[in-house]
Every structure is written in C-alpha cells, then in structure tokens.
Amino acid sequence: MTMEVFDFRSDTVTQPTPAMRQAMANAVVGDDVYGDDPSVNRLEALAAEMLGFDAAIFTSSGTQANLLALMGHCERGDEYICGQQAHNYKYEGGGAAVLGSVQPQPLANQADGSLELAAIKGAIKPDDHHFAKTRLISLENTIGGVVLPQSYLAEAQTLAFDHRLKIHLDGARLANAAVAQQCDMAQIAQYFDSVSVCLSKGLCAPVGSLLLGDEALIAKARRWRKVLGGGMRQAGILAAAGELALTTQVARLQEDHQHATYLAEQLQSIDELSIDMTLVQTNMVFAKPAASLDIQGLVKRLAEQGVIISGGSQLRFVTHKDIDANGVDKLVQGIKAFLS
Ligand SMILES: *Cc1c(COP(=O)(O)O)cnc(C)c1O
C-alpha cells in the first residue's frame with residue numbers, strides 16, 4: 001500500500017475532483033482564439049455574473065491574469081502602486097516592467113497586509129514630466145491568508161476615484177476571503193475596476209485563472225493575452241473544470257479554514273514555534289521557528305512520514321481539499337516527535 005501524503009506547501013497542489021475529470025472528458029470544445037469554445041464562453045459568462053462584472057477572460061495562470069490587468073490599465077511609462085509583499089510585484093518576475101514597460105511603486109505592507117491610505121496618497125505622482133504617470137492601485141485579498149476589511153476596501157476605492165486612478169484586486173484567493181467574511185465574492189469585488197481570481201488553488205481546478213472587468217479592459221486583455229502566447233485553442237477542457245471550481249468548491253473552503261485554525265491551535269503548544277493567531281483567518285498558518293530549530297532536519301523527517309512542508313525562516317502551512325484533520329494531526333505529531 002502506498003503511503004498517504006499530506007502536502008502543506010500550498011493549495012496549488014490540490015488534485016482535481018472526480019467530477020472535474022468527468023466534466024473535462026465530456027467538455028464540448030471549439031477554438032477559443034476564434035471565440036468558438038462554448039465551455040470557455042460559459043465559464044467567462046458565469047464568472048462575470050458571479051463576481052458582478054461586464055466581462056471576463058480565462059487565462060493560463062494567475063500571473064497572466066494580473067499581468068493582463070496591469071497592461072490593460074497602464075501604458076508604457078505609467079506606474080501602479082502596490083505592496084512590497086504583493087504577488088504581482090514580488091513573485092511574478094517583474095512582468096509588468098519587463099513586458100509592459102510599466103513601473104511598480106511598491107509601498108510597505110502593514111501587519112494586516114493592507115497599504116496605509118496616507119502612504120498611497122503620498123505616492124501618487126503629480127502631473128510632471130519628471131515622473132511616471134500613476135494610473136493604478138493594486139491590492140491583494142487574501143494576503144498572507146489575511147482578509148482585508150471591506151471598510152478599508154471602500155476607502156481605497158474612494159481614494160482611487162478621487163485621484164482618477166483605477167483600482168485592481170489580485171484576488172487569487174478571493175473565494176477564501178468571501179467565505180471568511182460570509183459574503184458573496186461580488187460583495188468584495190464591487191470595490192474594484194478589475195479582479196483576478198485563481199481557479200487552481202483551493203478551488204481545485206487543474207489549471208486556470210480569470211480576469212474580470214469592463215468590456216473595454218477585457219478586450220484589451222484579450223489582445224495582450226494573444227501577444228503573450230496565452231491564446232489557447234480547445235481550452236474548454238480546462239474551463240469545464242474551472243466551472244465546477246466556481247460552482248462546487250467555494251463553500252467547501254470553510255473546511256480548509258477550520259483545519260487551519262485547528263492546526264494553529266495545536267501548534268501553539270509547541271514552544272519552538274510562535275504563531276500570531278490574529279493572522280490565522282483563512283487557510284494559512286505562519287509559524288516563526290526558534291533559532292535552535294533544525295528546519296532542514298524537520299523537513300526531511302516529516303517527508304519520510306509523508307508530510308510535506310516547505311522550510312524557511314517563516315514556516316508556512318496551507319490547508320486545502322486534500323488535507324483532512326487526520327493530516328493535521330500527523331503534521332503536529334511529526335513535529336512534536338522530531339523535537340522530543
Ligand atoms: C498564486 C498567486 C498568484 C498567481 O497565480 P499562478 O496561477 O500561480 O500564476 C497571484 N497572486 C497571488 C496572491 C497568489 O497567491
């Protein structure tokens with residue numbers, strides 16, 4: 001018998017559900033570059049409806065969806081304001097600068113992941129030929145597993161409007177934020193001109209993300225997607241799984257959040273790990289290890305037991321569909337055994 005494996009590195013490791021595999025096998029498809037794939041068209045229409053936008057575009061990844069948003073809102077020589085820890089600044093290879101000639105203006109994230117509104121205001125450049133043209137504010141929700149309050153989103157939207165800026169949300173885990181706040185995704189999305197969402201994380205689709213916005217933005221994004229080599233042909237095979245991600249996997253995220261809270265509570269009894277429980281809000285737990293903890297040794301020992309974690313100066317554990325309470329117990333017991 002093969003050992004059951006629990007992989008805590010990320011929710012991107014989730015396996016597609018049996019229903020997704022079935023839907024993929026049976027998907028009606030066409031050439032999506034011609035706009036002829038009924039499964040892609042249905043997914044885009046469904047997502048636009050669910051999130052409250054005019055239009056949507058299916059993309060190969062969340063990175064591509066964010067890049068299309070940045071290149072859609074900004075032109076060469078423009079800039080976007082974002083967090084130092086923002087995925088679309090720090091973890092996407094500098095794509096907006098490399099491929100879009102768009103300059104990032106990063107600001108320090110506060111402890112809760114938000115950007116201080118006064119700092120955003122202070123970073124908006126006056127109309128002067130010395131400066132790049134500030135066009136866009138980009139926020140992230142959830143960020144580090146933390147949910148931004150909607151009162152903050154409303155204030156950020158007003159700030160953007162008052163300065164004639166657009167406002168984008170990297171909502172890779174928007175569904176987690178919505179479940180945590182017990183609201184629809186549209187409720188959070190309403191504060192933004194565009195939103196990107198990942199179908200391939202906690203929502204368990206094998207591949208794919210979406211960018212949502214108005215017709216003009218999505219038309220521009222469609223052009224850039226083709227330029228980037230992201231025009232996919234019979235992509236309905238993927239969209240069929242994406243549709244089930246949106247219709248069947250959102251409410252289930254509640255279980256991931258419960259497992260994360262349960263994990264954090266268990267880890268609190270371990271002296272060598274310190275956890276800020278106020279930041280455990282969705283499916284992520286961050287633990288700061290004591291200097292004495294042999295992290296590489298721990299990673300190796302757990303792997304031998306079928307528990308996969310990523311090492312680092314901060315340990316990050318992510319819960320998802322393929323981790324149950326039993327998996328959490330196995331991780332906690334594995335750490336305790338290693339330390340004793
Ligand atoms: C995962 C992630 C992305 C990018 O998604 P990929 O599909 O991995 O390219 C963007 N933003 C955030 C916040 C993410 O967590």
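A: A polar contact here is a pair of N or O atoms within 3.5 Å; within protein, one must be able to donate a hydrogen and the other to accept it, and residues adjacent in sequence count only if both atoms are side-chain atoms. With that rule, an oxygen atom of the ligand is 2.6 Å from an N or O atom in the side chain of Thr63.

Q: Before going on, what kind of model is this?
A: This is a predicted model, in which local features need pLDDT of at least 70 and side-chain atom pairs count only at pLDDT 80 or more, while totals for chains, interfaces and linings use all residues. Residues are numbered from 1 along each chain as its sequence is written, and side-chain values use heavy atoms, with hydrogens and water left out.

Q: Ok, which polar side-chain atom lies 3.0 Å from an oxygen atom of the ligand?
A: That atom belongs to Arg173. The ligand taken alone exposes 380 Å², of which the protein buries 83%, with accessible areas coming from the Shrake-Rupley method with a 1.4 Å probe and, for residues, only the protein chains shown counting as cover.

Q: And which residues are around the ligand?
A: Counting a residue as near if one of its heavy atoms lies within 4 Å of the molecule, the shell consists of Ser61, Gly62, Thr63, Asn66, His87, Glu92, Glu140, Asp170, Ala172, Arg173, Cys198 and Lys201. Helix α3 (residues 62-73) gives the largest share of that shell, three residues; helices (H or I, at least four residues) and strands (E, at least two) are DSSP runs, numbered from the N terminus.

Q: How does that shell divide by class?
A: It has two nonpolar, five polar and five charged residues, where Ala, Val, Leu, Ile, Met, Phe, Trp, Tyr, Cys and Pro count as nonpolar, Asp, Glu, Lys and Arg as charged, and the others, Gly among them, as polar.

Q: Switching to pockets, where does the ligand sit?
A: The space taken by the ligand is the largest pocket, and a molecule sits in a cavity or pocket if more than half of its atoms lie within 2 Å of its grid points. The grid is 1 Å over the protein atoms alone: a cavity is a set of points where a 1.4 Å probe fits but cannot get out, a pocket is an open set with protein on both sides within 12 Å along at least five of seven lines, and lining residues have an atom within 4 Å of a point.

Q: How much space lies in that pocket?
A: The largest pocket holds about 950 Å³, with grid points joined across faces, edges and corners and the volume being the space filled by probe spheres set on the points. It is lined by 41 residues, of which Ile143, Gly144, Met284, Phe286 and Arg316 are the closest to its centre. Strand β10 (284-289) is among the elements giving two or more residues to this lining, and β10 gives the most, with five.

Q: How many cavities of 30 Å³ or more are there?
A: There are two by this rule, and the largest cavity has a volume of about 80 Å³. Its lining divides into nine nonpolar, three polar and two charged residues, with the largest share, three residues, coming from α8 (174-180). The second largest cavity has about 50 Å³ of space, and its lining residues include Glu140 and Ile143.

Q: Last topic, which peptide bond is cis?
A: The bond from Asn141 to Thr142 is cis, with omega near 0°, and Thr142 is found in the loop between β5 and α7 (150-162).
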